[in-house]
Amino acid sequence: MLDTGHMLLTLASDAPAGAAPWWVMLIPALPMVGVVLCTLFAIMGVKSKLPAFATVGCLGLACVLAFAMLLGSDDAPGVVKAWQWFDISWGEGHGQTFSAIFGFYIDRLTILWMLFVTGLATLIGLYASEYMSHDQGQGYCRFFMAFNLFVFSMSCLVMGANMLMLYLGWEGVGLCSYLLIGYFYKKPSAVAAGKKAFIVNRIGDLGLALGVYLTFVHFGTIEYAELFASDQLQGYLTDAAHGHFEHIPAAAQMIPLLLMVGAFGKSAQLPLYVWLPDAMEGPTPVSALIHAATMVTAGVYLVARAYPLFQVSEYALPAVAWIGALTAFLAATIGMAQFDIKRIMAYSTVSQLGYMFAGLGVMTSIGAAAHVFTHAFFKALLFLCCGAVMHGFAGQLDLRKLSGVAKMKGWGIVGITMLIGCLNLVGFPVITSGYWSKDMILAEAFVRPSTGLVGWLLLITAGLTAYYTFRVFFRVFVGPVEYHPGEELHAHDDHAAGHGHSHDHGHAGYDHSHSPEPAHDSAHDEAHGHFHPHAPGWAINTVLVILAALTFVAIPLVALNHGGWVGEMVHGSTAHYEAAHAGGGSHGSVWLVGLDPHQVMYYISAVVGLAGIAVAWALHYRGRREAAHAPAAEAFKRVAGPLQRWAEHKWYVDELYDFLFRNPLWVLSQVFRYIDMLLVDGLVNTAGWLPSALGGRLRRGQHGLLQGYAGSMAGGLALFVVVVLLLVSRSA
């Protein structure tokens with residue numbers, strides 16, 4: 001458990017909310033305009049890039065308004081009401097009036113999230129205009145319609161004035177995730193991945209729904225402005241500050257535990273993380289926007305938004321810290337052994353999300369928010385670089401079949417930006433924003449004795465992250481020039497190719513007249529059947545350069561004065577937390593031999609990260625002469641023995657879930673199926689069959705012959721006489 005006896009809890013939002021400007025409603029409205037336009041384009045049969053440009057225009061304007069919201073913000077939260085959504089009363093007592101507006105709650109946490117949601121959506125929309133150009137027509141319109149719908153849903157989730165609005169956006173992004181993961185609907189693996197994501201997220205959504213219900217039952221409201229300023233919640237916070245959790249009702253402490261389940265489902269944490277790696281079946285722009293930078297941080301946002309509720313529970317934040325740390329470590333071990341570079345980035349996302357949750361759990365909401373902010377830029381950059389490689393090499397993603405990509409003509413920008421993204425993910429000292437945001441979390445984990453083990457787990461994970469990140473870079477982007485095209489080379493239609501094994505179909509055809517000539521000899525060219533990789537165009541390169549620049553812009557925004565600008569944004573929100581630790585912080589740490597974690601962690605994490613890079617260099621770059629074989633890595637694999645194989649198979653977690661849940665549920669469904677077919681349907685069918693059978697028998701006597709009717713009458717009369725005689729004889 002966390003030390004709570006010497007904490008001072010402060011909320012910036014405990015004052016009543018004021019009024020926000022009306023025009024903030026345009027931010028979610030503009031993506032919905034994009035949805036309508038893309039639908040109309042599909043109806044009209046548009047086969048140009050007009051849906052993409054309309055999307056970029058709408059989202060770009062929404063981003064401008066988000067910046068205007070930043071410039072006009074102050075410390076006090078504000079609410080803008082579009083209309084009264086629900087107003088139901090069934091009594092005069094507490095919790096007997098349900099009221100919810102369709103409106104938006106604007107504080108600095110809202111603004112922080114909306115800046116990178118709208119900004120990244122605009123950039124990735126521009127990237128997708130080129131990446132998805134092979135599918136211009138109905139598929140192109142469908143993609144950008146779902147793209148816009150996602151941004152609208154995410155806007156409702158982040159900006160909503162109450163938990164009902166949050167739930168609306170929550171379910172909306174889940175739907176859009178399903179639509180976009182399964183975009184290649186003729187590809188069985190994509191369809192299965194979409195269903196898996198939808199079902200696993202429903203498990204988490206049940207926890208969120210129950211948490212919202214219990215919030216209303218206990219506090220009598222789900223409006224943020226009323227909830228966070230309520231005397232009831234403030235009293236609980238005072239009790240929690242003094243460690244008197246026994247004074248807080250169990251119902252109030254149960255609320256964050258239920259919300260936590262929802263957060264773990266959406267943000268892919270143990271045990272609900274299994275959907276995210278399979279979600280890479282969707283197009284790469286989807287992976288960059290939804291599954292790296294925005295949707296998967298919805299769970300982090302939920303915990304940050306409801307941080308006061310989490311502080312009144314004795315077990316919620318410790319659980320968040322431990323689940324986050326364990327998820328970060330487990331995902332890193334799996335990522336080390338994968339060969340699909342896009343899937344490696346997916347496991348990296350799961351791991352970094354674990355860092356964010358651990359940050360919230362160890363009471364550094366500033367560190368968690370800072371890592372969300374920096375991760376949004378560098379992880380989107382990494383995914384889009386992988387997508388550019390996939391786009392140009394006919395869907396190839398296997399790091400054993402690519403080498404020296406950065407040396408090829410036309411691929412310099414991709415190579416440089418990939419290096420910048422990798423350095424940020426590793427947290428390369430001083431010059432990367434990822435270094436500063438990650439170290440805030442690591443340092444705070446070592447401040448308290450109760451979370452020191454969480455800190456060590458995260459520190460080990462940092463070393464593993466450095467290794468698997470530069471394993472990708474050293475194998476794919478440097479070294480000898482060698483490449484083998486993917487399975488899309490002979491599949492010019494994306495849906496026809498959907499029956500292959502590639503993840504998405506960013507490039508359907510190859511115009512060799514526009515392909516740059518790679519630097520390799522004629523023998524090499526003959527070995528590859530004269531395949532020439534398709535270098536990215538201006539749209540892809542422009543987005544990569546902008547994202548790389550933003551990773552540097554983010555450094556002063558998170559590095560100055562323990563959180564910088566991001567820290568100021570968190571201070572003006574419900575996620576604000578301050579603690580005065582007796583015997584911790586600047587006074588030393590029992591986990592670091594009396595040293596101040598906030599001072600020494602910069603050096604410790606730097607050494608760990610550089611060590612991970614050095615190991616990757618030794619195993620995957622030094623002595624490697626071809627793409628498929630790295631002698632040192634293969635020797636290490638033999639030493640690792642079955643551990644390497646288990647990690648390649650993701651520790652057989654999917655198989656375990658199949659054994660424990662999927663297969664028994666399938667068997668049970670078959671049992672109920674046969675009960676329905678044989679018993680329920682059998683009884684119904686029998687009831688329907690009996691009148692029909694009886695009628696069939698009687699119909700034989702309706703033949704229209706007079707003598708037959710006379711015989712029936714005589715037989716009936718004889719039967720009647722026999723019955724009468726029997727009755728008379730019995731009565732006598």
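Here's a quick briefing on the fold, the cores, a few helices and some individual residues in this structure. Keep in mind that the model is predicted. The protein has 27 helices and 5 strands, and of its 732 residues, 57% are buried. If you take the contacts with a separation of 6 or more, 80% of them come from residues 24 or more positions apart.

**Nonpolar cores**

- The largest nonpolar core runs to 205 residues, and Trp 113 and Met 418 are the ones with the most contacts inside it.
- As for Trp 113, once residues up to four places away in sequence are set aside, it touches Met 154, Val 158, Thr 297, Val 300, Tyr 301 and Val 372.
- As general background, nonpolar side chains tend to be buried together in soluble globular proteins.

- Helix H12 (residues 298-305) is mostly covered, with 8 of its 8 residues buried.
- That buried set is Ala 298, Gly 299, Val 300, Tyr 301, Leu 302, Val 303, Ala 304 and Arg 305. Val 300 and Tyr 301 are also among the residues that Trp 113 touches.
- H12 packs against helix H15 (residues 341-361) at an angle of about 5°, and the two axes are 10 Å apart. With the cut-off for roughly parallel set at under 35 degrees, H12 and H15 are therefore roughly parallel to each other.
- On the H12 side, the contact uses Gly 299, Val 300, Val 303 and Ala 304, while H15 brings Leu 353, Met 356, Phe 357 and Leu 360.
- By type, the residues of this contact split into 7 nonpolar, 1 polar and no charged.
- A general point for reading such a contact: an α-helix has 3.6 residues a turn, so residues three or four places apart point the same way.

**H9 and what comes after it**

- Helix H9 covers residues 250-266, which makes 17 residues, and spans 25 Å from its first C-alpha to its last, close to the 24 Å expected at 1.5 Å a residue.
- Of the 17 residues in H9, 12 are buried, so this helix is largely enclosed by the rest of the structure.
- Among the buried residues of H9 are Gln 253, Pro 256, Phe 264 and Lys 266.
- Ala 268 follows H9 and has a positive phi, near 55°.
- There's a cis peptide bond between Leu 270 and Pro 271, with omega at about 0°. Pro 271 sits in the loop between H9 and helix H10 (275-278).

**Positive phi in other loops**

- Ala 394 has a positive phi, near 60°, and is a residue other than glycine.
- You'll find Ala 394 in the loop between H16 and strand S4 (402-403). Ala 394 is buried, with a relative accessible area of 0%.
- Val 430 is likewise a residue other than glycine with a positive phi, in this case near 70°. Its place is the loop between helix H17 (412-426) and helix H18 (433-445).

- Ala 627 is in the loop that links helix H23 (597-620) and helix H24 (631-640).
- With a relative accessible area of 0%, Ala 627 counts as buried.
- Ala 627 and Pro 480 are 147 residues apart in sequence, but their C-alphas are 7.4 Å apart in space.
- Ignoring neighbours within four places in sequence, Ala 627 contacts Leu 399, Arg 400, Lys 401, Leu 402, Ser 403, Arg 475 and Glu 482.
- Trp 617 belongs to helix H23. This Trp 617 is partly exposed, with a relative accessible area of 39%.
- Trp 617 and Arg 475 are separated by 142 residues in sequence and by 9.4 Å from C-alpha to C-alpha.

Note on methods. Residues numbered from 1 in each chain as written. Heavy atoms only, no water. Axes fitted to C-alpha atoms, helices over the stretch in contact; angles between N-to-C directions. Helix = DSSP H or I, 4+ residues; strand = E, 2+ residues; numbered from the N terminus. Parallel < 35°, antiparallel > 145°, perpendicular 65-115°, else oblique. Contact = heavy atoms within 4.5 Å. Nonpolar A, V, L, I, M, F, W, Y, C, P; charged D, E, K, R; others polar. Buried < 20%, exposed > 50% of the residue type's maximum accessible area, 1.4 Å probe, protein only. Core = buried A, V, L, I, M, F, W, Y, C linked by side-chain atoms within 4.5 Å. Expected span 1.5 Å × (residues − 1).
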